[in-house]
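Hi,

Please find the structure we talked about below. My notes on it follow.

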Amino acid sequence: MNPQQHTGSYYAATVNQPTDYATLKGEQTADVCVIGAGFTGVSTALHLAERGYNVHVVEANRVGWGASGRNGGQMIGGIAGASRIARAQVKDIDQLVWDMRWAGHEIIRERVATYDIQCDLKSGYLDVAIKNRHLDALKRDLEALEKFDFPHEVRLLSRSETADTIGTQAYIGALLNMGNGHIHPLNLCIGEAHAAVSLGATFYEQSPVLNIEHGGKPRVVSKHGSVSADFVVLAGNAYHFLETKLRGILFPVNSFILATEPLSETLVNFLNPKDLAVCDPNFVLEYFRLSADKRLLFGGRCNYSGSDPQVIKKNLLPRMLKIYPELEDKKIAYAWGGTIGVTINRVPQLGRLSPNVFYSQGYSGHGVNVTHLAGQIMADAVAGTFERFDLFANIKPIRIPGAHTFSKQMVALGMIYYQLKDRL
Ligand SMILES: Cc1cc2nc3c(=O)[nH]c(=O)nc-3n(C[C@H](O)[C@H](O)[C@H](O)COP(=O)(O)OP(=O)(O)OC[C@H]3O[C@@H](n4cnc5c(N)ncnc54)[C@H](O)[C@@H]3O)c2cc1C
């Protein structure tokens, strides 16, 4: 794999402080070597650097090059598969699992404040309903939030309140949650990397890791250099191309985003005056929000694996115009996509390949929040505390035969299956 620059996204075009870390050269040593500089890797590195570890992060492309720098920026609450995690334990850990569901948000807010990261952090989120069963699910979510004394404003909106709030008749109701929100994900990821570096961490870019020599002191090898460390953390998620064992338990799903040109104040006041992130409940879902410069960022999952902006536009534009016909004459300034790591049982996969090589992947589309929690759990594991790590590691991942070899065909089949299910 040849090292690449960022994809042509709105985020890459509006980076505050681009990264240009050196490539990995020579024989380096560290306490911990992290492979991959998306949210999982960067979050892990920052947690470790804050605790005084000497961390080296090796990234094949650029910091935030993968899903972390391309996503919808939606701070979705909860962990996919959370109820399965709670059910799988012997003792009652509902409260612990509940706290974990929101921990990533708190880590993000704390870091933005501590390190003064400029990433357009906003509070406010709408889970919209298309069918009655979605409304029932939102009511259950509200009950759970109230049961656990959720500290932020949260309430159900009627059909007409939903239409007034987001300027479309497409939904029959919604759950407003001011504890969730949205961010410019690439600026957050890069800001966190710069914060880790300020605490002594070392980042290498344009340095694909080609091999890991496992052993008492594992050695992470790239073309022109290596890092020997006491611990290695694998954070390549859906872009991971090293360990086939990990690739076989992760299902790659593609998602794409359009960014319009900046919209007028009148349109913004009609479409989304409260500046909320919006997400529908389908598996082949749609999600949208405004950027800081008032573009509509509209995303959706598609059965396409390329990066041609024209194809992405052809797939997504009719879906966007169905919700917002008012945008008919607006220019599409950017169109890009990326790959999400989905697990069959939806539970994130945190575990170890050997006593000193850990991995974390498969957040099933909830990664902005959960990667930040995962980084903390990885740092705990390195420090010898496994309480939360084991909650995930004890759940056996479901292996998908041929998952990566036949990934395109499997994604196509999976999309058809889920599209049918969404229609029921
Ligand atoms: C289009 C899109 C929209 C999304 N929207 C949302 C959203 O709105 N909200 C949300 O919560 N989640 C969303 N997600 C999911 C979320 O972005 C991911 O769950 C999360 O970013 C995963 O972070 P990560 O660090 O684990 O992986 P990634 O960000 O993919 O990072 C993995 C990194 O590892 C590097 N790497 C891989 N192999 C090697 C190697 N051998 N050597 C060195 N480096 C390597 C890659 O280059 C890459 O930079 C979306 C994803 C996509 C693609």
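The second largest cavity holds about 40 Å³ of space. Bear in mind that this is a predicted model. Asn345, Val347, Pro348, Gln349, Phe392, Ile395 and Pro397 line that second cavity. By class, five of these lining residues are nonpolar, two are polar and none is charged.

The largest cavity has a volume of about 50 Å³. Its lining is made of Tyr10, Tyr11, Asp120, Lys122, His182, Ile183, His184, Asp275, Arg289, Leu290, Ser291 and Ala292. Here the classes divide into five nonpolar, three polar and four charged residues. Two elements, helix H1 (10–13) and strand E13 (286–290), each give at least two residues to the lining of the largest cavity. In total, the count is four cavities of 30 Å³ or more.

Tyr10 and Tyr11 belong to a cluster with Tyr334 and Trp336, linked by ring pairs.

Now to strand E13. Five of its five residues are buried. Side chains in a regular strand alternate between the two faces of the sheet. In E13, Glu286, Phe288 and Leu290 point one way, and Tyr287 and Arg289 point the other way.

E13 has a strand partner on the E12 side and another on the E14 side. Strand E12 (residues 277–279) runs antiparallel to E13, and two bridges join them. Cys279 stands opposite Tyr287 in this pairing. E12 and E13 make a hairpin, with six residues between the strands. The pairing of E13 with strand E14 (residues 296–301) is also antiparallel and has five bridges. There, Leu290 has Leu296 as its bridge partner. E13 and E14 form a hairpin too, with five residues between them. In that turn, Lys294 has a positive phi of about 65 degrees.

Next, the cysteines. How many disulfides are found in the whole structure? The search finds zero. Cys279 is in no disulfide either, as its nearest cysteine sulfur, in Cys302, is 14 Å away. Both residues are covered: Cys189 is buried at 0% relative accessibility, and Cys279 is buried with a relative accessible area of 7%.

Last, the aromatics. The whole structure has 15 aromatic pairs. One of them joins Phe256 and Tyr304, with ring centres 5.5 Å apart. Their planes are at 40 degrees, so this pair is tilted. Phe256 is in strand E11 (residues 251–260), while Tyr304 is in the loop between E14 and helix H10 (309–323). The two are 48 residues apart, and the pair links distant parts of the chain. Phe256 is buried, at 2% relative accessible area.

Phe288 is in E13 and Tyr324 is in the loop between H10 and strand E15 (332–342), so the pair ties together parts 36 residues apart in sequence. Phe288 is buried at 1% relative accessibility. Tyr324 is buried too, with a relative accessible area of 1%.

Best wishes

Technical notes
Residues numbered from 1 in each chain as written. Predicted model: local features only at pLDDT ≥ 70, side-chain atom pairs only at ≥ 80, totals over all residues. Heavy atoms only, no water. Disulfide = S-S within 2.5 Å. Buried < 20%, exposed > 50% of the residue type's maximum accessible area, 1.4 Å probe, protein only. 1 Å grid on protein atoms, 1.4 Å probe; cavity = no way out; pocket = protein on both sides within 12 Å on 5 of 7 lines; lining within 4 Å. Points joined across faces, edges and corners; volume = space filled by probe spheres on them. Helix = DSSP H or I, 4+ residues; strand = E, 2+ residues; numbered from the N terminus. Nonpolar A, V, L, I, M, F, W, Y, C, P; charged D, E, K, R; others polar. Pairing = 2+ DSSP bridges. Phe/Tyr/Trp six-rings, centres within 6.5 Å; stacked < 30°, edge-to-face > 60°.
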